[in-house]
Every structure is written in C-alpha cells, then in structure tokens.
Amino acid sequence: MGAPSRGGALLQVQRFLGSRGGHLAFYVFKRVLWLVPVLFFVILVTFVLAHAAPGGPWDRNGGRELSDAVRKAKDIKYGLDKPFWEQFVIYVGNVIHFDFGTSLQSEGIDVKDRIFTGWKYTAQIGLLAFLFIVPVGIGTGVIAALRQNTWVDYVVLALSTAGAAVPNFVVGFFLVILLAIIPYKFTGGNFALPVSGPPADDAWFGIDIHYLMPVLTLAFLPIAYIGRLTRSSTLETLRQDYVRTAWAKGLPERKVVIGHVLKNSLIPVVTALGPLFAILVTGSVVVESVFQIPGVGKMFIDSIGARDYPVILGLVIQFALIVAIANLIVDILYVVIDPRIRLE
Amino acid sequence: MAVAVAGAGAPAAIDWEVPEQVGLWSDAWRRFRRNKVAVIGLCLVGILVLDAIASALLSTTGHYLWADPFKQDVNNIFAGSSAAHPFGQDELGRDVFARVLKGAEISMQIGLLTQLIILVIGGLVGLTAGYFGGWVDNLLMRFTDVMYAFPDLLFIIVVVAAMGRSLLSIFVAISVVNWVNLARLIRGQVLQLREKEFVEGARASGSTPLKIILKHLLPNSLGPIIVSLTFGIPQAIFLEAVLSYLGAGLPPPTPSWGVMTHDGYDAISADPVLVIFPAIAIAITMLSFTFIGDGLRDALDPRMRK
C-alpha cells in the first residue's frame with residue numbers, strides 16, 4: 001500500500017478544525033482576540049477615572065508645594081499639558097509598542113521596571129499561598145465530605161464559614177496580635193514574629209519567616225472557598241451510581257476515593273482556580289498594606305494616592321491580563337479534563 | 001389520607017385528611033426557623049439595625065446613644081476600660097464604644113442601600129436582557145466581560161478616587177461594580193422560566209410582556225434574587241471597611257469601622273485593643289449576614305421543599 005493520500009492543505013485545515021483539538025485551538029484564538037477590545041475598554045475607563053480624580057501628580061501633601069512654573073514644566077515634559085483625548089491616543093499607541101511610560105512619582109523610572117520589582121514580592125507570597133491553598137483546601141473538603149455529619153465535618157464547615165465571612169485584613173490583625181504583640185509582651189520583648197517589611201537578602205529563595213503572616217492571611221479566605229466547594233462537589237459525587245458500584249465491587253476506600261470520586265469531584269474545583277487568581281490579586285492589595293510589603297498591591301494603593309497615572313494604568317493592565325489569562329487557562333483545562341464539555 | 005370509622009354500625013364516613021395549605025413564604029420561614037445559626041444571625045442583625053436607626057434618629061436631635069463619638073479627650077489617650085468608657089479611649093481620647101455603636105449606622109447604610117440600588121439597576125437590565133434579548137442582552141454580556149477583567153476592589157478604589165472620598169461615591173462605586181452579577185443571575189433565571197408552560201400559557205391567553213414579567217417571571221425568580229442580595233450585604237460592608245482601612249475610603253474622623261481599623265492599626269503597638277473592637281464588629285456583622293444568607297438559600301431552594 002502506498003502512503004495514504006494526504007489531501008490538500010485546505011482539506012487538512014478543515015479536518016483539523018473539525019477535530020476536538022481544532023475546536024479548542026479556534027476557541028483559544030477567539031478568546032485571545034476578544035481580549036483586545038476588553039483591554040481597550042479597561043484602559044479607557046481607568047484613564048478617564050484616574051485623570052478625573054481631583055488633584056494631580058505634582059501635589060505635595062504636607063510638604064512644600066511646587067511653584068506654577070515647575071508644574072508647567074513637568075506637565076510639558078510628561079505630555080500632561082496636551083488635550084485629554086490626545087494624551088489617551090498617545091498612551092494607547094505607546095502601549096501597543098509595550099511602552100508604559102515612566103513613573104511620575106519616582107521620576108525617570110520605567111513603569112515596567114517598577115512593576116517588575118513589585119512582582120518579586122507579590123509573586124513569592126502569591127505562589128506560597130497558592131501552594132498552601134490547593135492541598136489544604138481540597139484535603140479538608142474531601143475529608144469533611146467523607147466524614148459527613150461527624151465532628152470533623154462540623155469543624156471544617158465552621159472554619160470555612162468563618163473564613164469566607166471574616167475579611168482578610170481582620171485576619172491579618174488577629175495574626176499580628178497573636179503571633180507578634182502577645183509573644184512580645186509575654187517574653188518581655190525577647191521574642192516576636194516579625195510583622196512587616198521584605199525578607200532578609202540572605203533568605204532561602206527570598207523566603208523567610210517574614211512571609212508567614214502574609215501568606216496565612218492571604219490563604220485564609222481561598223482555603224475556605226476551595227474547601228467548601230470541594231466538600232459539596234465530593235458529596236454530590238459520592239451519591240453517584242458508579243461510586244456505589246465501586247464500593248460494591250469491594251474496592252478499598254483509597255481506590256474508590258482516588259480513582260472514582262476525586263476524578264470527577266475535582267472538576268468544579270478546577271474552574272474555581274480562575275476566580276482564585278482574582279481573589280489573590282485583590283488579596284495582595286490588602287495583605288501588602290497590612291504587612292507593609294513593597295509588592296504590586298501596595299504599589300497600586302500608593303500610586304492611586306500619588307496620582308501616578310502611568311503606574312496606575314500599567315498595574316491595571318497587567319492585573320486584567322493576569323485575570324483573563326488565568327480564566328482562559330482554566331477554561332481550557334476544563335475542556336481537556338471533562339470530555340462532556342463542548343465548546344460554543 | 002385516612003379513613004376514619006365513626007362508630008360501629010353507623011355508615012362509615014370518609015374523612016379526607018386535607019394537608020394543611022402551606023404557602024411559599026410560610027414554608028420558607030418554617031425551614032429558616034429550624035436553622036438555629038441563621039436565627040442567631042437574624043437576631044444579631046436586628047440589634048445592629050436597631051442600633052443604626054436609633055443612633056441616626058438621635059443624632060438629628062443632637063443626642064447620642066452612648067456618648068459623643070467625636071469628642072476628643074487628649075489627657076486620656078489610650079485609656080483602658082472604665083465605667084464611662086467600657087471599650088476604653090482611642091489615640092485622641094475618643095470613646096471607642098460610642099464610635100463602634102455609631103459605626104453600625106454607616107455599615108448598615110452601605111450594606112442595605114447599595115443592595116437597593118443594585119436591585120433596581122440589575123433587575124431592570126436582567127429582566128430586559130433575559131426576556132427580550134437583543135441589544136440590551138448583548139450590551140450586558142459585553143459589559144460583564146470588561147467587568148470580569150477588572151478585579152472588583154481595584155475598580156472600586158479607582159472610582160472612589162475619581163469621585164472623591166465620600167459616602168456617596170462609595171455607594172456609587174459598589175453599586176456600579178456589583179449590579180452586573182445580579183443582572184446576570186436574573187437574566188439566567190428569566191431565560192430558564194421563559195420557556196416554561198405557564199409562561200407560554202400566559203402569553204397564549206394574551207398577557208402583555210410587562211404583565212408576564214411582573215406576575216410570572218419576577219415572583220418565580222425571587223428566591224435566588226433574595227439570596228444573592230443577602231450575600232451582597234456583607235460584601236458591600238466589607239468593601240467599605242477595606243476601602244476605609246486602606247485609606248482610600250471614608251476620610252477620618254468618620255466613625256466607620258473601616259476608618260477605626262485604619263487608625264487602630266496605626267496605633268497597634270501602643271494599644272492593640274483599639275483595632276480589635278471595630279474588627280470584631282465587622283466580623284460579627286459579616287458572619288451574621290452570611291448565616292442569614294445560608295439559611296435563606298436552604299429555605300428558599302425549591303428542591304428542599306417538603
């Protein structure tokens with residue numbers, strides 16, 4: 001037999017698009033393309049709102065105010081003297097070329113560089129929290145479901161309700177009081193966990209005890225969220241016929257749980273990982289303010305206060321991108337792990 | 001049904017036992033009452049609402065529920081608990097108990113009024129988008145795409161910065177961000193209900209769209225709407241508190257729990273207790289509303305009806 005007829009290139013493309021992988025590729029392409037108008041509107045809204053805020057980047061709260069001549073010179077230097085829409089068009093044009101301008105607060109520093117330095121801290125804390133959230137959240141959820149209506153279940157439920165309802169900055173305060181202030185007072189100032197500041201330079205991968213409280217604070221709500229979700233979806237799966245069959249076959253609990261229950265009950269949990277990124281981004285703003293960490297979250301609050309337009313816009317764009325990409329990855333994962341899901 | 005034999009010899013009288021008529025609301029209330037945690041939450045919220053109303057009414061006549069929450073007493077800063085000041089005094093000598101009591105007023109306003117605005121905007125858009133589809137539906141979905149790309153807290157911070165730090169701008173910011181979720185929920189409900197037989201029947205018998213929406217679609221999707229709004233209350237209270245904590249919300253010396261945590265945390269090494277009272281107040285309020293929300297969800301879920 002000769003080689004199978006390969007058909008024209010067009011036929012191959014058609015065949016590819018007809019296959020499941022092709023559908024997926026087309027879907028991803030559509031989603032990525034759709035990001036462009038969404039990002040444009042995010043930039044537009046932020047640009048209008050940031051510039052509408054009273055005051056400007058040259059105000060010196062409490063300090064000596066700059067003279068009008070200096071303000072004018074700075075406006076001209078950074079193009080703030082131009083009409084509003086012209087500034088917007090110039091900004092969007094620059095963004096297309098990956099030029100996000102320079103900070104108005106720390107003058108001369110490229111916004112990309114500033115954001116990058118901030119990410120060093122935010123990413124470490126976020127990653128540590130993530131590595132903590134996923135196993136603890138899923139683990140407690142599964143255990144609670146397997147031991148439904150026992151004290152284990154009640155403890156997990158109570159903790160996850162509290163975790164979902166008590167705001168993260170309040171959790172932070174209690175950690176500071178419990179782990180820093182109370183030990184400090186009781187040991188006469190000899191021992192207390194450090195509360196604020198970046199970690200020491202010689203720390204292992206930059207990770208040291210400074211991160212304990214921020215990571216716990218950041219992880220509290222997501223653990224509760226993932227735990228509750230895992231519990232309810234596991235309970236749902238445990239009631240399915242095929243699980244009963246697995247038990248009836250005499251499979252050991254470990255095999256039933258891992259092979260039959262978890263495989264299906266974790267599907268909804270995977271979709272929750274997308275919102276989890278948004279929660280972590282929002283959480284970083286709060287946690288970094290509570291613990292005085294110079295990450296992107298604190299940078300956002302500071303640059304809003306300082307009316308540092310390029311930094312505000314740069315941060316918003318990258319937050320939006322992260323959330324969108326996380327959601328896209330989760331949607332793809334969802335399709336890959338669950339063959340029942342069809343793409344529109 | 002039960003067959004009762006009324007005396008020997010007499011013709012058997014059949015006594016059809018009619019089940020007690022149970023309406024949606026009394027049935028839901030019965031199930032809600034059985035959930036003890038939810039009832040506790042409801043009681044706590046009742047106390048908070050009374051506190052908020054009382055302090056709002058009293059402040060119009062120049063009186064206070066406990067003491068003047070603004071009066072400074074610089075000779076007694078960081079004073080501990082006493083009979084006159086059960087929660088002590090803060091960094092300016094103000095009475096912490098009075099400020100916590102007054103703080104409920106702002107939190108309740110934020111929690112309840114934002115949900116009212118969200119109900120009006122989200123309801124109108126959601127019903128229109130779900131029933132008629134068309135450009136309203138398209139616009140809603142596109143708007144959602146943009147909003148989902150923008151983490152809530154960050155967007156609210158930007159809006160409040162643009163409008164100035166006041167109660168009004170916090171109302172607007174929270175409502176602008178959160179109506180989308182309710183509109184999407186109602187849209188989904190309406191899409192589901194629209195094809196049901198009773199709606200088709202109403203349409204066939206000549207009901208106008210407005211009548212169908214008001215008499216059939218809205219009452220039938222009321223359960224999820226109420227639950228969503230109830231969970232929206234602690235969310236809004238949280239947003240105000242965290243905004244004020246970050247220094248991006250209400251300006252000092254407003255006696256809001258968020259502002260109090262901001263000032264208290266600054267003074268945490270001088271007096272760690274200062275941050276605890278407003279923090280506990282926020283936590284209890286949010287927990288209470290969450291309990292009520294959980295209770296309502298179980299009570300209003302039609303699959304749980306007896």
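## Helix α9 of chain B

The expected span of a helix is 1.5 Å times one less than its number of residues. In this predicted model, that rule puts the 24 residues of α9(B) at 34 Å, and the end C-alpha atoms sit 35 Å apart, which agrees.

How much of α9(B) is buried? A residue counts as buried if 20 or more other C-beta atoms lie within 10 Å of its own. That holds for 18 of the 24 residues, so α9(B) is largely enclosed by the rest of the structure. Just past the end of α9(B), Gly247(B) takes a positive phi of about 80 degrees.

## Where chain B touches chain A

Chain B puts 33 residues into the contact, and chain A puts in 35 residues. On the chain B side, the elements giving two or more residues are α4 (134-148), α5 (152-163), α9 (222-245), α10 (257-266) and α11 (273-300). The largest share, eight residues, comes from α5(B).

What sort of residues does chain B bring to this side? By class, there are 27 nonpolar, four polar and two charged residues.

## How α1 packs on α11 in chain B

Helix α11(B), one of the elements on the side touching chain A, also packs against α1 (residues 24-34) of chain B. Their axes are 8 Å apart and meet at an angle of about 135 degrees, which makes α1(B) oblique to α11(B). The crossing is right-handed.

From α1(B), the contact uses Ala28(B), Arg31(B) and Phe32(B); from α11(B), it uses Gly295(B), Leu296(B), Asp298(B), Ala299(B) and Leu300(B). Sorted by class, that gives five nonpolar, one polar and two charged residues.

Terms used. Residues numbered from 1 in each chain as written. Chains lettered and ligands numbered in written order. Predicted model: local features only at pLDDT ≥ 70, side-chain atom pairs only at ≥ 80, totals over all residues. Contact = placed C-beta atoms within 7 Å. Helix = DSSP H or I, 4+ residues; strand = E, 2+ residues; numbered from the N terminus. Nonpolar A, V, L, I, M, F, W, Y, C, P; charged D, E, K, R; others polar. Axes fitted to C-alpha atoms, helices over the stretch in contact; angles between N-to-C directions. Parallel < 35°, antiparallel > 145°, perpendicular 65-115°, else oblique. Left-handed = near helix turned anticlockwise from the far one by under 90°. Buried ≥ 20, exposed ≤ 12 C-beta atoms within 10 Å, placed from the backbone.
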